[in-house]
Amino acid sequence: MKADAANSPTGGVGALARATLAAEIHDLYDGQGDGDRLLATFRAAALYVPLAGSEPACSVETDGVQWLYAFTSTTELKRFARERVRAETADDFGWASGRIRYWTVLGSRLLDVAVPAAVTETRTATGVAVDVGGIRQLLMPPVSGVVPDRVAVDLLDLDRT
């Protein structure tokens, strides 16, 4: 299985933060994590976002939340794609051919641009799932302080009609 960059506007920007993010996630699992530092590192990291056609690939909706996939390495992305192929759901993303197309996107762009765009399109709360299928996964939930307030589920006015 081969990963192909569809578009990498970030170049080398965020590569060090991506490695730092992997270390921050490790610290979180070891009980040494710091939420503010983790979020800041996530926002600065250039992550790999798999594509389904020309759009970011999303997971199935879980408990009313849609998750955008992002990965800290192409190794994690390939691991995820292999599992999707084994589960025979890869045709949804066109990965059955053995090629994975992805964008390299800063975490800040995922949270500030992609999440609100997904919410506008699907009318579903959206967060970011990092390294899905990996040993150390991370969920960036659609809550205030993580995503923009206008799409944060904890700030939505449920009384509005």
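Q: How are helix 1 and helix 2 oriented to each other?
A: This is a predicted model, where local features need pLDDT of at least 70, side-chain atom pairs count only at pLDDT 80 or more, and totals for chains, interfaces and linings use all residues. Residues are numbered from 1 along each chain as its sequence is written, and side-chain values use heavy atoms, without hydrogens and water. Helix 1 (residues 15-29) and helix 2 (residues 35-44) pack at about 150°, with axes 8 Å apart; axes are lines fitted to C-alpha atoms, for helices over the stretch in contact, and angles run from 0 to 180 degrees between N-to-C directions. Angles under 35 degrees count as roughly parallel, over 145 as roughly antiparallel, 65 to 115 as roughly perpendicular and the rest as oblique, so helix 1 and helix 2 are roughly antiparallel.

Q: Which residues of helix 2 make the contact with helix 1?
A: Contact means heavy atoms within 4.5 Å. Helix 1 supplies Ala17, Thr20, Leu21, Glu24, Ile25, Asp27 and Leu28. From helix 2 come Arg37, Leu38, Thr41, Phe42 and Ala44.

Q: How many residues of the contact of helix 1 with helix 2 are nonpolar?
A: Ala, Val, Leu, Ile, Met, Phe, Trp, Tyr, Cys and Pro count as nonpolar, Asp, Glu, Lys and Arg as charged, and the others, Gly among them, as polar. Two residues of this contact are polar and three are charged. The nonpolar ones number seven.

Q: How is helix 2 placed against helix 4?
A: The axes of helix 2 and helix 4 (residues 107-122) come within 4 Å. They cross at roughly 90°. That makes the two helices roughly perpendicular.

Q: Is strand 2 largely enclosed or open?
A: Buried means under 20% relative accessible area, exposed over 50%, partly exposed in between (1.4 Å probe, protein chains only). Six of the seven residues of strand 2 (residues 46-52) are buried, so strand 2 is largely enclosed by the rest of the structure.

Q: Which residue in strand 5 stands opposite Pro50?
A: Two strands pair if DSSP finds at least two bridges between them. Strand 2 and strand 5 (residues 99-106) run antiparallel and are joined by five bridges. Opposite Pro50 stands Tyr102.
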